[in-house]
Amino acid sequence: MPELPEVETTKRGLEPYVVGQTIERLLVRDARLRWPVAPALPRQLKNRVVQALERRAKYLLFRFEHGTVISHLGMSGTWRVVADVANSEQDYRTHDHLALRLGSGDELRYHDPRRFGCFIFTKMPAEHPLLSKLGPEPLGDCFDGDYLFARSRGRKAPVKSFLMDNHVVVGVGNIYAQEALFRAGIHPLRLAGRVGHERYHVLAAVVREILTVAISRGGTTLRDFRSSNGEPGYFAQELNVYGRAGERCHGCGSVIKQARLANRTTGYCPTCQT
DNA sequence: AGTTTAACCTGGGTGC
DNA sequence: TGCACCCAGGTTAAAC
């Protein structure tokens with residue numbers, strides 16, 4: 001589920017429930033996430049106050065006075081808020097791996113069937129390997145066509161791989177990489193170093209627009225964090241190539257093709273994308 | 001150093 | 001029903 005827009009939506013949804021709250025208890029029901037949840041973590045967080053909840057790339061950052069929890073949703077992670085938890089403590093669902101009991105009486109529960117997510121505490125987040133090498137935010141000021149053009153010179157990887165590289169720019173996942181390249185008219189297999197300045201200008205603008213629109217969609221589908229999440233709609237109606245192999249291009253009517261790139265399915269229009 | 005590949009997991013769908 | 005396979009919104013570490 002989580003691409004950048006959903007992580008952002010999750011962050012905005014949790015924020016009012018968690019910021020300023022004291023962690024009364026962290027319950028680790030299953031520590032086997034991408035990296036095991038440290039046995040010391042419940043003790044480290046007990047009675048600490050969440051100063052802020054932020055997003056960097058697809059990471060959620062729980063800020064405390066003494067450090068930061070770096071959390072990721074992996075491929076299948078979700079958070080939800082359970083209100084008045086004293087009366088519903090036993091209704092944990094399968095794959096509810098973490099439970100954060102808050103001073104308010106609410107409980108934040110982390111659910112992740114595939115367990116690709118993580119929940120790591122560090123005192124120096126800026127130096128943490130997971131964060132220190134990340135590229136700029138796609139919705140931030142540093143990301144534009146000039147930047148992409150400069151970074152891509154000499155690169156021989158396909159432009160789609162380049163766009164999905166977290167060292168280049170963060171938050172562009174498999175769906176939005178495909179959709180952005182379609183809208184920019186760029187073939188996903190074209191070498192990054194052989195895409196021109198003007199096309200990178202278009203690509204950067206399109207990435208921004210797609211993510212911005214998707215965030216607005218996520219905000220509507222995931223607004224109620226106190227009930228179980230409905231499946232996000234992602235803007236299924238606006239999808240042009242993702243999951244559409246064999247169907248007709250919305251632009252020209254050609255049959256959408258599919259390629260395998262870095263083990264990821266990649267749809268594209270052989271006519272519109274060059 | 002840049003690029004590709006394998007690996008981490010569960011669950012849902014498909015085909016035999 | 002069962003089973004064997006393939007696929008899935010991500011990312012790192014290892015291998016070319």
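**Ground rules.** I worked with a predicted model, in which local features need pLDDT of at least 70 and side-chain atom pairs count only at pLDDT 80 or more, while totals for chains, interfaces and linings use all residues. Residues are numbered from 1 along each chain as its sequence is written, chains are lettered from A and ligands numbered from 1 in the order in which they are written, and side-chain values use heavy atoms, with hydrogens and water left out.

**First sheet.** I noted an open sheet of four strands in the order E1-E6-E7-E5, paired antiparallel. Helices (H or I, at least four residues) and strands (E, at least two) are DSSP runs numbered from the N terminus, and two strands pair if DSSP finds at least two bridges between them. At the edges I found strand E1 (23-28) and strand E5 (78-82), each pairing on one side only. From one strand to the next the twist averages 15°; axes are lines fitted to C-alpha atoms, for helices over the stretch in contact, and angles run from 0 to 180 degrees between N-to-C directions.

Inside this sheet, I followed strand E6 (residues 96-102), which is joined to strand E7 (residues 107-111) by five bridges. Leu-100 stands opposite Leu-108 in E7. Helix H1 (residues 4-18) lies across E5, E6 and E7, at about 30° to E5; contact here means heavy atoms within 4.5 Å.

My next stop was an open sheet of four strands, ordered E2-E3-E4-E8 with antiparallel pairing. Its edge strands are E2 (52-56) and E8 (118-122). Neighbouring strands are turned by 20° against each other on average, direction ignored. I traced E2 to strand E3 (residues 59-64) over five antiparallel bridges, and there Glu-54 has Leu-61 in E3 as its bridge partner. H1 packs on this sheet too, touching E2 and E3, and its direction makes about 175° with that of E2.

**Hairpin.** I then checked strand E9 (residues 257-261) and strand E10 (residues 264-268), which run antiparallel and share five bridges. Leu-261 is partnered by Arg-264 in E10. Two residues sit between the strands, and Ala-262 takes a positive phi near 50°.

**Largest pocket.** I found a volume of about 850 Å³ for this pocket. A pocket is an open set of points on a 1 Å grid over the protein atoms alone, where a 1.4 Å probe fits, with protein on both sides within 12 Å along at least five of seven lines; lining residues have an atom within 4 Å of a point. The volume is the space filled by probe spheres set on the points, which are joined across faces, edges and corners.

The lining counts 28 residues, with Lys-58, His-72, Gly-74, Met-75 and Arg-264 nearest the centre. Helix H3 (129-132) and helix H6 (174-184) are the elements that give two or more residues to the lining. Where does the largest pocket lie relative to domain 1 and domain 2? Both domains give residues to its lining, so the pocket lies between them.

How values were computed:
Domain bounds come from an automatic or database domain assignment.
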